[in-house]
Structure formats: structure tokens, C-alpha cells
Amino acid sequence: MIPRARATGRALGYQVFYRLPVPLRRRLVRLAVPKYIVGAVTLVRDADAEGSGRLLLLRQPPGHSWTLPAGLLQRGEAPVVGAARELFEESGIRVTPDRLRPAVPNAVVHAKGWVDVVFELDVPASTAELVVDGAEVFEAAWHPLDDLPRLSRATANLLGYYGIGPRAGQVPPAAPPGA
């Protein structure tokens, strides 16, 4: 239970806050609330694959490990639009945003101040032409889920949330909706 004097002080604080002009309230909130960098990530599975399946991975500079198609959102960009844009820019796979499905969990909040909004897509590798620019992405390739190459730490951690790769089972699963 909150002591009465503290509750009264809090109520007074809210009354003052909500009487301030909206632009000033927004500025105060931005100063007080934690900031996050938001990125969009796509887990692209090979729709043709048998067995455990295959996943599209990218080798990016410096080229020592593999990552997922991902990137930062542009200001005001919807996460699903950003995911489709980044997928095309990094792999050459062009899809409309409505083809992307929200992964479960859809957002992963990392302790270091960034949020990944994650989507899934099934694409037949036999018809997907992978195109990379050689600068931002050195190579794009399909890899069997049960024999993944060396992953970046961030990618291994993220895939762990979805029960994939070396960190599968080590990352706490998402709580079911309504839990």
C-alpha cells in the first residue's frame, strides 16, 4: 500500500504534468524514458527443404561469422516494412510486407538498449535468386538448421529465442499471451 502523503504528492505531480503544453510533456518524457534502437529481423526458411530445414544467413563484414537479414528501422518506418526492405537490400529477395509473419516472440528486448522486431518467411530456395552487393553483405546462403556455420554472438542469442542453433534451450522462451 502506498502511504497517503506519497500518493498525494504523486497525484499532484501528475496534475502539474498534464497541465503542461504537449510539446513540453513529450520532451520531458523523452528525457526520462529509456531509449532503444529498433531493428527488424527476418528468419527466412527454405520452403523446399526437407528434414530439419534450412535458414538463410548472411556473411557480412568483417566476414568471420554469419548473421540474419536485419537492419535498423528508418524514422517512422513500420517494422514489417523495414524487415521487407532490409531483406531485399541484403539478399535480393523481394517480398511485400504482408507476406511476413510475426515471429513468436515478435519483439526481443536486449539488455544493451536495442529491440529486435522479428518476422518469419518461407521462400523456396530453388526459385530465390540471392543477390548481394559485396560491400554490406559478402555472401548469402542457405544453411541446414542442424549444421549451422559460425554465427555472430547476437545472431546465436536471437536464434536461441526460437529454439534454433547453439543457444537453443538456453534462452528463456517467451511467456504465452495473457500469462
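Glu 89 and Arg 85 form a salt bridge through their side chains, at 3.3 Å from N to O. The model is predicted. Both residues belong to helix H3, which spans residues 79-91. They are 4 residues apart, about one turn of the helix. Salt bridges with shared partners tie Glu 77, Arg 85, Glu 86 and Glu 89 into one network.

Arg 85 also meets Glu 86 in a salt bridge, here with an N to O distance of 2.9 Å. Glu 89 is partly exposed, at 38%.

## Another salt bridge: Arg 54 and Asp 46

The whole structure holds 7 salt bridges. One of them links the side chains of Arg 54 and Asp 46, with 2.8 Å between N and O. Side chains of opposite charge can pair when their charged atoms come close.

The two partners fall into separate accessibility classes. Arg 54 is partly exposed, with a relative accessible area of 29%. Asp 46 counts as buried, at 8% relative accessibility.

## Aromatic rings and charges over them

How many aromatic pairs does the model contain? The count is 1 aromatic pair. The partners are Phe 17 and Tyr 18, with ring centres 5.1 Å apart. Their planes stand at 80°, so the pair is edge-to-face; the cut-off for that class is over 60 degrees. Phe 17 is partly exposed, with a relative accessible area of 21%. Tyr 18 is exposed, at 52%.

Phe 17 has a further contact. Arg 25 lies over the face of the Phe 17 ring, 5.9 Å from the ring centre. Elsewhere, the charged end of Arg 94 sits over the ring of Phe 88. There the distance to the ring centre is 3.8 Å.

## A nonpolar surface patch

Which residues form the nonpolar patch on the surface? They are Leu 24, Leu 28 and Leu 31. Together they have about 290 Å² of accessible area.

Leu 28 is found in helix H2, which covers residues 22-32. Its relative accessibility is 37%, so Leu 28 counts as partly exposed.

## Cis peptide bonds

Pro 61 and Pro 62 are joined by a cis peptide bond, with omega at about 5°. Pro 62 is in the loop between strand S2 (54-59) and strand S3 (66-67).

A cis peptide bond also joins Val 104 and Pro 105, and omega is about 5° there. Where is Pro 105 placed? Pro 105 is in strand S5, residues 101-110.

## The annotated domain

UniProt, in an unreviewed entry, places the feature "domain: Nudix hydrolase" at residues 34-168. In the model, the end C-alpha atoms of this span lie 29 Å apart. Residues 34-168 are 16% helix and 35% strand.

How values were computed. Residues are numbered from 1 along each chain as its sequence is written. This is a predicted model: local features need pLDDT of at least 70, side-chain atom pairs count only at pLDDT 80 or more; totals for chains, interfaces and linings use all residues. Side-chain values use heavy atoms; hydrogens and water are left out. Rings of Phe, Tyr and Trp (its six-membered ring) pair if their centres lie within 6.5 Å; planes under 30 degrees apart count as stacked, over 60 as edge-to-face and the rest as tilted. Buried means under 20% relative accessible area, exposed over 50%, partly exposed in between (1.4 Å probe, protein chains only). A charge sits over a ring if NZ of Lys or CZ of Arg is within 6 Å of the ring centre and within 35 degrees of the ring normal. UniProt positions are given in the numbering used here, feature names are shortened, and annotations may be inferred rather than shown by experiment. Helices (H or I, at least four residues) and strands (E, at least two) are DSSP runs, numbered from the N terminus. Patches are made of residues with over 30% relative accessible area and no salt bridge: like charges are joined within 9 Å, nonpolar side chains (Val, Leu, Ile, Met, Phe, Trp, Tyr) within 5 Å. Accessible areas come from the Shrake-Rupley method with a 1.4 Å probe; for residues, only the protein chains shown count as cover. A salt bridge is a side-chain nitrogen of Lys or Arg within 4 Å of a carboxyl oxygen of Asp or Glu.
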